[in-house]
Amino acid sequence: IRIPSYGTEESLEIGRGEIIGVAGLQGHGQTDLIRSLYGLQGEIQLEKDGQALSIHNPREAVDHGFAFISGDRERDGTFRERNLTENVLAVQQLVKNQKTGDVKEILDGYNVRYDNPGQLITALSGGNQQKVVVGRWLSTKPTLLLADDPSKGIDVKARNDLHQEFAKLAGQGSAVIMISSDDDELVNITSMVETSRVIVMYEGKISAVLEGDAINRENISAASMPVNAIP
């Protein structure tokens with residue numbers, strides 16, 4: 001997928017099996033990038049598998065194989081007055097019109113701790129609620145996962161489980177673009193796949209693209225700061 005320029009000389013490309021981490025100080029355009037790719041900021045022009053693509057809204061993004069996971073579960077993730085079954089099957093049934101998978105199999109496959117599929121999602125811990133959201137989206141086999149600080153507010157075990165699932169998805173040939181407010185998290189998750197990069201954003205533009213051994217906390221922090229900042 002070729003993404004429009006965000007301050008770089010060339011457009012940004014992401015290939016199958018790749019994870020791109022998105023870093024930067026809060027409010028410097030990371031979330032705008034993810035949301036624009038999901039059709040939440042109006043029409044966006046992309047190129048997918050060599051074909052021009054216009055996305056006007058999230059439904060079109062999902063139709064093209066995109067998935068969106070937010071760290072803000074209450075606003076963007078869970079249907080709080082619905083049970084686990086309804087939460088898991090929401091995208092498959094209401095958007096993609098797919099043959100729905102086995103709910104218990106999905107919940108168990110993503111290590112969700114629950115009593116029964118009929119209980120309200122609000123009965124679960126924050127980490128388990130986020131696993132339900134991850135299971136909902138990943139069960140649709142997306143070609144591109146857009147994750148906006150997805151591990152915010154969850155425990156270390158749940159965070160590690162999310163990393164494993166995202167790496168597994170990339171290993172199956174999908175692409176992942178993930179924002180994190182934790183630089184160490186981006187260093188960790190990008191180390192889990194063969195092909196990865198970290199892009200750092202500053203004032204709405206990409207200030208650095210890090211690869212290989214250059215992906216470390218020090219380089220991310222340096223690229224997140226103004227050029228003329230005094231240490």
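The dialogue below takes up a helix pair and then a strand.

Modeller: This is a predicted model, where local features need pLDDT of at least 70, side-chain atom pairs count only at pLDDT 80 or more, and totals for chains, interfaces and linings use all residues. Residues are numbered from 1 along each chain as its sequence is written, and side-chain values use heavy atoms, with hydrogens and water left out.

Biologist: At what angle do helix H7 and helix H8 pack?

Modeller: Two packed helices are described by the angle between their axes and the distance between the axes. Here H7 (residues 156-171) and H8 (residues 183-190) pack at about 40°, with axes 10 Å apart. H7 and H8 are therefore oblique to each other (angles under 35 degrees count as roughly parallel, over 145 as roughly antiparallel, 65 to 115 as roughly perpendicular, the rest as oblique).

Biologist: Which residues in H7 and H8 meet?

Modeller: From H7, Arg159, His163 and Phe166 meet Glu185, Asn188 and Ile189 of H8 (contact means heavy atoms within 4.5 Å).

Biologist: Which residues point each way from S3?

Modeller: In a regular strand the side chains alternate between the two faces of the sheet. Glu18, Ile20 and Val22 point one way from S3, while Ile19, Gly21 and Ala23 point the other way. Six of the six residues of S3 (residues 18-23) are buried, so this strand is largely enclosed by the rest of the structure (buried means under 20% relative accessible area, with a 1.4 Å probe and protein chains only).

Biologist: Which residue of S9 stands opposite alanine 23?

Modeller: Valine 200 stands opposite alanine 23. S3 pairs with strand S9 (residues 195-202) in the parallel sense over six bridges (two strands pair if DSSP finds at least two bridges between them).

How values were computed
Axes fitted to C-alpha atoms, helices over the stretch in contact; angles between N-to-C directions. Helix = DSSP H or I, 4+ residues; strand = E, 2+ residues; numbered from the N terminus. Buried < 20%, exposed > 50% of the residue type's maximum accessible area, 1.4 Å probe, protein only.
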